[in-house]
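User: I'm new to this one and would like to learn how to read it. Could you walk me through it, starting with a strand?

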Amino acid sequence: MATDKTFYLETFGCQMNAHDSEKVIGTLRQQGYRQVESEEDAGLILYNTCSIRDKAEQKVFHRLNDYKRLHKEGKRFGVLGCVAQQEGEKIFERAPYVSLVSGSASYRKLPEMLMRLEAGENRITGLDDRQTDETFETEFTARQNPYRGYITIIEGCDKFCSFCIVPYTRGKERSRTSSSVLNEARRIAEFGYTEIQLLGQNVNSYRDPEGKCSFAQLLAAVGQVPGIRRVRFTTSHPRDFTRDIVDAIDQVPTLCDHVHLPVQSGSARVLQKMARQYTPGWYLEKIAWIKAAKRPISLSTDIIVGFPGETADDFIQTMDLLAEVQYDCVFAFKYSARPNTPALTMIDTVPDEEKNRRLQALLDRQREIQRVNYSRHIGQVIEVMVEGANSAKGQIAGRSSQNKPVNFNWPQPIAPAPGAYLQVKITNAYPNSLVGEAV
Ligand code: SAH
Ligand code: SF4
Ligand code: F3S
């Protein structure tokens, strides 16, 4: 008798994980599986996990604990992604009802792992770690985002920032060929997507295995694919950020006027201990290039507060850097010690309540900066791409090229579809969003 193979997949973590899940879903469908909306309805329950901070890592164990009773009904569990790679076979000890543990560097072996699972095997692992040079490419990607097509251009990371788990969970840096990236861009444009986001933990260290183009040239080429109206990219590491990226944004109108350039700290001493390979001065030089562009380019960043040994003075330097750069968006995190990382051996000197205080002070300061930045748009007419409805406010939600959320009133009974482009006159501004009227 043919059994109905069903799976449920929940994804945690960054956009790389979100896109990996799109590829995993496609692979599962290809193997005859059907996706369902709840753990209860599924034969195979999968979690694609994140371990960037301890809190993120704990989520999967809570989830497994909440649903382990379903194992008695014969349901199988699989843990994918960064926690899988980090914890490996230890997951079987902690959650013996899990049958499959696979990191992202082993997804190309998923069809084989699924076959072993179906044959009744119980401790299947894909833990390729940093040995593999292969990327995971599939023609079966099941795109879940209705308006943004993700394309991975580089997997893994070789930077080994002292606080970060990613080089251990995603393996070594490996770039896809520019021809395969461009083919995928053309395919998804033909499919109807107009926005593409190029993905990598460090897109700036992209090296075309065919030697045809640099990252900036690849970016420009993707921006010129017929039908593409917006191209985003994330994440840029300041060490490898080159001026030709700014030139490309200036020259190719489809490249969005937004750069996310994580700084982590404003203190040279802390940056050195983080092994970030740049000083605040070096970083600010890149910012100066970006600010000198012909189009106003929006800037965002990531910050870690309370890194081991961060003094009150180090923190003030981070606050000063915020004041100097005037970012439009900041993702700030309390330092979280990660297994195997060099920072784990440094003494975590900052008490938790002080980390909280610094985080709050930073967010408060940044809020004021954004209040001013966002209010500058009042009166402007901005092109907005529709993302969906903001049901709480009865408005349409979208995003500007600069990546700013825009909520606007829509006079007609039928809402515009996700992916539609509209001109919106900005009438009001908050620190994290703009408000307007469709014109
Ligand atoms: N590749 C990107 C970062 C990916 S992780 C880059 O190099 O910029 C996203 C963010 O999580 C990082 O920029 C950092 O701010 C934060 N992060 C990473 N490890 C962390 C840790 N151990 N504790 C707290 N925040 C961390
Ligand atoms: Fe982590 Fe640094 Fe690599 Fe970013 S560049 S993923 S912070 S090791
Ligand atoms: Fe998390 Fe792995 Fe992304 S640790 S942030 S899912 S690379």
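Analyst: Strand E16 covers residues 395–400, and five of its six residues are buried, so the strand is largely enclosed by the rest of the structure. Buried means under 20% relative accessible area, exposed over 50%, and partly exposed in between, with a 1.4 Å probe and protein chains only. Helices (H or I, at least four residues) and strands (E, at least two) are DSSP runs, numbered from the N terminus. A word on the source: this is a predicted model, where local features need pLDDT of at least 70, side-chain atom pairs count only at pLDDT 80 or more, and totals for chains, interfaces and linings use all residues. Residues are numbered from 1 along each chain as its sequence is written, chains are lettered from A and ligands numbered from 1 in the order in which they are written, and side-chain values use heavy atoms, leaving out hydrogens and water.

User: How many bridges join E15 to E16?

Analyst: Two strands pair if DSSP finds at least two bridges between them. Here strand E15 (residues 381–390) and E16 run antiparallel, joined by six bridges. One to look for is Asn390, whose partner in E16 is Gln395. The two strands make a hairpin with four residues between them, and Gly394 in that turn has a positive phi of about 65°.

User: What joins E16 to E17?

Analyst: Four bridges do, and E16 and strand E17 (residues 405–409) run antiparallel. Arg399 has Pro405 as its bridge partner in E17. This pair is a hairpin too, with four residues between the strands and a positive phi of about 75° at Asn403 in the turn.

User: Now the ligands. Which residues come nearest to ligand 1?

Analyst: A residue is near a molecule if one of its heavy atoms lies within 4 Å of it. Of the 15 residues around ligand 1, the nearest are Gln201, Pro262, Gln264, Asp302 and Ser336.

User: Where are the polar contacts?

Analyst: Those are pairs of N or O atoms within 3.5 Å. In the side chain of Asp302, an N or O atom is 2.7 Å from an oxygen atom of ligand 1. Arg276 has a polar side-chain atom 3.3 Å from a ligand 1 oxygen, and a backbone N or O atom of Phe163 lies 3.0 Å from a nitrogen atom of ligand 1.

Key: Polar contact = N/O pair within 3.5 Å; in protein donor to acceptor, adjacent residues only side chain to side chain.
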